[in-house]
Amino acid sequence: MVPAQNIDEVIAQLETIIANSVASNNRAGYFAALYHKVTCRVKQGIQTKEFENGARMEQFDVVFANRYITAYDQWINKEHTQMSQSWQVAFEMAGKSSVLVLQHLLIGMNAHINLDLGVAVIVVAKEQNLPLADMKNDFNTINTILASLTYQVVSELDRISPLLSLAGMHSKNDSLFIQFAMDNARDGAWCFAEELYPKENDDFNKLIAGRDKDIWMLGKAIVDTKGLLAITVWIIHLFEYKIPAKITKILNEYKKTYLTVDDLKVK
């Protein structure tokens, strides 16, 4: 795909990924279905003037989304050496039937928030010659929309994964369900952006590469469960839907009333 130039092109490309995933019964459609909701939500917010700068928010959304779309294209075209490690492990998991739907969503969000979000905010700030602090509200807003819609989708996963609530017994453990706390992901991504902002050229690229390696390791931890948690995941998986195309359709078709940006603001 050619990189999107505006939010409508992002939405169209996500719909193509979803359609292709359904047609090929590919689990890559799970994250694309979630991300389609996020992008439609951002578009709605721009149209209703919920953001402090709609044009800048659209640019930010496009830069952010293109990192995912590019990674997807690289995977489909087998250009694996060009991919970030964070996205490579996520797409590798799409080929594994033993991974929970929730884990597929989390590992995609791991790459996109923990790596891509920080890079995207720097790209937009530098293109517009802005201090990084001027991007903080946009950063928080797009991340919180992503988090809120994820929680909505996860709350409906009992249609797909009726025993998912069993994972709650590990809520106090250092498990995948705690490692990927949304607030921690947001805060970590912003700290990464602050560290990256003053860097240039080789230093810029080296810092991204180092961050990518760390997020790749976290991605592996999301699916490489141990001990009692691994047994619980196996039991949950036994009762999950097993047809990726059907699951993608459910995730894509599920709709819920959107919150406003005021509702989503980080306190």
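In the predicted model described here, Lys126 pairs with Glu200 in a salt bridge (a side-chain nitrogen of Lys or Arg within 4 Å of a carboxyl oxygen of Asp or Glu), with 3.6 Å between the closest N and O atoms. Because Lys126 belongs to helix α5 whereas Glu200 sits in the loop between α8 (182–196) and α9 (201–223), this pair ties together parts that are 74 residues apart in sequence. Helices in this account are DSSP runs of H or I with at least four residues, numbered from the N terminus. Lys126 itself has a relative accessible area of 32% and is therefore partly exposed, where buried means under 20% relative accessible area, exposed over 50%, and partly exposed in between (1.4 Å probe, protein chains only).

The model is predicted, and local features therefore need pLDDT of at least 70 and side-chain atom pairs count only at pLDDT 80 or more, while totals for chains, interfaces and linings use all residues. Residues are numbered from 1 along each chain as its sequence is written, and side-chain values use heavy atoms, with hydrogens and water left out.

Under the salt-bridge rule, the count comes to seven. Side chains of opposite charge can pair when their charged atoms come close. One of these contacts joins the side chains of Asp116 and Arg67, with an N to O distance of 2.9 Å. This pair, too, links distant parts of the chain, since Asp116 is placed in helix α5 (residues 101–127) and Arg67 in helix α3 (residues 54–76), 49 residues apart. Asp116 has a relative accessible area of 0% and is therefore buried, whereas Arg67, at 27% relative accessibility, counts as partly exposed.

A further salt bridge is formed between the side chains of Arg41 and Glu50, at 3.0 Å from N to O. Here Arg41 counts as buried because its relative accessibility is 1%, while Glu50, with a relative accessible area of 23%, is partly exposed.

With regard to cysteines, a search of the whole structure finds zero disulfides, a disulfide being a pair of cysteine sulfur atoms within 2.5 Å. Cys40 is located in helix α2 (residues 29–47) and counts as partly exposed, because its relative accessibility is 24%. The C-alpha atom of Cys40 is separated by 7.1 Å from that of Ile11, although the two residues are 29 residues apart along the chain. Cys191, at 48% relative accessibility, likewise counts as partly exposed.

Conventions
Helix = DSSP H or I, 4+ residues; strand = E, 2+ residues; numbered from the N terminus.
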